[in-house]
Every structure is written in structure tokens, then in C-alpha cells.
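This report is meant for a reader meeting the protein for the first time. It goes from the whole chain to a single residue.

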Amino acid sequence: MSGIKIRGTGRFAPAKIVTNDDLAKIVDTSDEWITTRTGIQTRHHCTTETHTDMCVGAARQALENAGISPEDIGACVVATFSSDYLSPSAACMVQRGLGLPHDAVCFDLNAACSGFLFAIHTMECLLAQAPRKYGLVIGAEMLSRFINWEDRGTCVLFGDGAGAVVVEWREDYPSIHAVLGCHGDPDMLGVTGAEKPEPARIFMHGQPTFKFAVKAVPYCIDQVLEKAHMTIEDVDFFVFHQANARIIDFAAKKYHIPPEKYYKNIQKYGNTSAASIPLVISELHDLGKVGPGSRVLLVGFGGGLTWGGALVEFA
Ligand code: ACO
């Protein structure tokens, strides 16, 4: 046995809040359409804040919450595809911003909306070899920089934000039993890249993505529970990637998960991709819905296509 548990959580959302009515003034849409189809009511967009500000803000709060100082950190992984620079990485900027030790292993990882799952699994593997046994796992996105304002099907969905957790690796902790996967598909959803002369922009075919998501979520839940030799009843809380309230409600219904065991904040933040899962975890932690001893099942899915699940405990 060996693995990680969460010791502290933090989050950062930029100050500017964009409502559905604000969007209806510039795009052919309505509060009614966005709310009923997605559950989103507002989202945060960066104005003066940078991606680095969000990462450092969330990570600093997580360290304080954990009672861990920066010099105790052995590794920092940021899940993102929207950092301030292609290089240096967001994680290097966190090293600088927080004064993490120079031998801490700091790098970024891109698995789109599943990024936090890929990052926390990577951290579990890394810390087994690291000189210090605390790690920072951050999910952060500044998606407002990629919004295609000509596409009403996507421009209403995405927001900016960051969430962070401090984890501790110990030989007597259980593994998080991560299940990760991908199916390379450059057409379904993503962000246009260097091959295009225009600026990078988000694209998504909503309905096939929806169908992919409602298959990926049960797959991840079943696989993680099987790997961990546990059942739905052994899980204290379920945290789903916040892409669409209907996808979350579908999963809750399918597994008979009672309302007090899952949570939605998509109404406030929209879809923040890799940031959505740690934003939920941090809010739940502050609300006292999860804490020492809680066993939380995380599920992510998104661009790549990618998917992932894990069963994480709080120390
Ligand atoms: N306002 C008003 N009408 C709109 C809007 C809008 N913002 N957007 C689309 N419409 C219209 C369409 O034009 C279409 O009109 P038509 O019937 O006259 O052609 C109608 O609404 C229905 O459009 P759909 O795209 O079929 O709407 P759908 O019910 O599928 O909802 C949505 C779209 C919300 C995007 C949904 O498909 C979805 O949530 N998909 C999954 C998203 C997801 O899980 N993403 C994964 C993670 S994202 C990532 O990794 C970056």
C-alpha cells in the first residue's frame, strides 16, 4: 500500500462576473436557453488577473489551509491548456510566485477537462520518488482568451478560474486508484492550434460530446470502484467535471446518488475545464461537506478525448 490524501484546498476566481443577460446583449442567446440547456447562470472572466495570478492565489490558499509551508513541497503539477506562456510553464511561475524549492518537480500537463485527474495521478507517482512528500496539484484555466464570440453554441459555456489541493504521500495511505484514458479525436472538441493562421479558438460539437460524456462518466465510476474493490455506498461524495448540469444529474440518477452526496457549482463558474473539479473540492471543503476521513470519487471528461476517475481521501 502507498498513496496520497488531500491535506488542504484553495481556489481563485477572477473578479469580473459575466451573467447570461450580459451575453444576451452581444450574442443571439437568452438566459432561459443557457440556464435550461446547461445550468450556467454566471461565469468569471479575467480582466487584470493573469493565469499565473489564479494559480498562485489558489495554491497559496491551499498551502495555508493545509498548514504546509512552500519549502515542504516536493512537486507541483498544473493541469491546464491556457497558461500565460507556452514556456515557461504555469508550474514554473508557481515555483517563482510561492518560492517553492528549486528541486521541486514543477511542470504542466494538458488533458483538457480531465486534466486534474491526470495531474493528481501523476502526483501520486511522483511523490513516491520525491525528497519531500507534499505535492501541489492545481487545475487552472483562462478560457476567456480562447472564446469564439461568433459561435453561440460555445461562447456561453466557458469561464476562468483555478483550484488547488495539497496532497501528502505516505506508505500507509491507500492509492487513489486512478483510471485514465484517451481516444485521439481532433474534430469533436478542442482549441485550434498552431496550424491555423487565426488566433486559437474553442470549437465543440455539442451533441456528440454530450453523448460521449454520458458514456464516459459511468465507465469511470465503475472502473474506479472495481479497482478499489468498493461500491457506490462506500463513497462519501461524488465530484463531477462541471460541463453541463444535465450530465451531472444524469449520473446522479443512474447511480441513485442522493442530493447531499454530490454538488454543482456550474451555475456560478460555467465550464472551467481542468479547474472545475478542484474548484468544487475547495468549495465543498470550506462548506464542511468533506473533511478528514471523507472518501471522494472524482470524474472528469473532455477534450482529447480524455476521461478519468479517482477515489481520493482527505487526511
Ligand atoms: N443560445 C440560444 N440558442 C442556441 C445557443 C445559445 N447559446 N447555442 C446553440 N443554440 C441553438 C442551436 O443553434 C440549435 O438551434 P436549431 O435547433 O435551430 O439548429 C439549438 O440551440 C440546439 O443546439 P444543440 O447544440 O443541439 O443544443 P444542445 O441541447 O446539444 O446543447 C450544449 C448544447 C449545451 C453544448 C450540449 O450539447 C452540451 O453540454 N454538450 C456537452 C458539453 C461537454 O460535456 N463538454 C465536455 C467538456 S468541454 C472541454 O473539454 C473543453
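Two residues are said to be in contact when heavy atoms of theirs lie within 4.5 Å. By this definition, and counting contacts in the protein with a separation of 6 or more, 76% are made by residues 24 or more positions apart. The model discussed here is predicted, and its secondary structure comprises 10 helices and 13 strands.

The overall dimensions can be set beside a simple expectation: because a compact globule of 315 residues would have a radius of gyration near 20 Å, the 18 Å found for the protein agrees with such a form. Further values for the whole protein are gathered below.

| Property of the protein | Value |
|---|---|
| Span of the C-alpha trace along the principal axes | about 55 × 45 × 35 Å |
| Share of the 315 residues that are buried | 57% |
| Accessible surface | about 13,100 Å² |
| Share of the accessible surface belonging to carbon and sulfur atoms | 52% |
| Distance between the mean positions of positive and negative charges | 3 Å |

Turning to one residue, His285 is located in helix α10, which covers residues 276–287. Is His285 buried or exposed? Its relative accessibility is 18%, and since buried means under 20%, His285 counts as buried. Which residues does His285 touch, once its neighbours within four places in sequence are left aside? They are Gly8, Thr9 and Asn65, together with Val290, Gly291 and Phe314.

Technical notes. Residues are numbered from 1 along each chain as its sequence is written. This is a predicted model: local features need pLDDT of at least 70, side-chain atom pairs count only at pLDDT 80 or more; totals for chains, interfaces and linings use all residues. Side-chain values use heavy atoms; hydrogens and water are left out. Helices (H or I, at least four residues) and strands (E, at least two) are DSSP runs, numbered from the N terminus. The radius of gyration is taken over C-alpha atoms; the globule rule is 2.2 Å times the number of residues to the power 0.38. Buried means under 20% relative accessible area, exposed over 50%, partly exposed in between (1.4 Å probe, protein chains only). Accessible areas come from the Shrake-Rupley method with a 1.4 Å probe; for residues, only the protein chains shown count as cover. Lys and Arg count as positive and Asp and Glu as negative; His and the chain ends are not counted. The place of a charge is taken as NZ of Lys, CZ of Arg, CG of Asp or CD of Glu.
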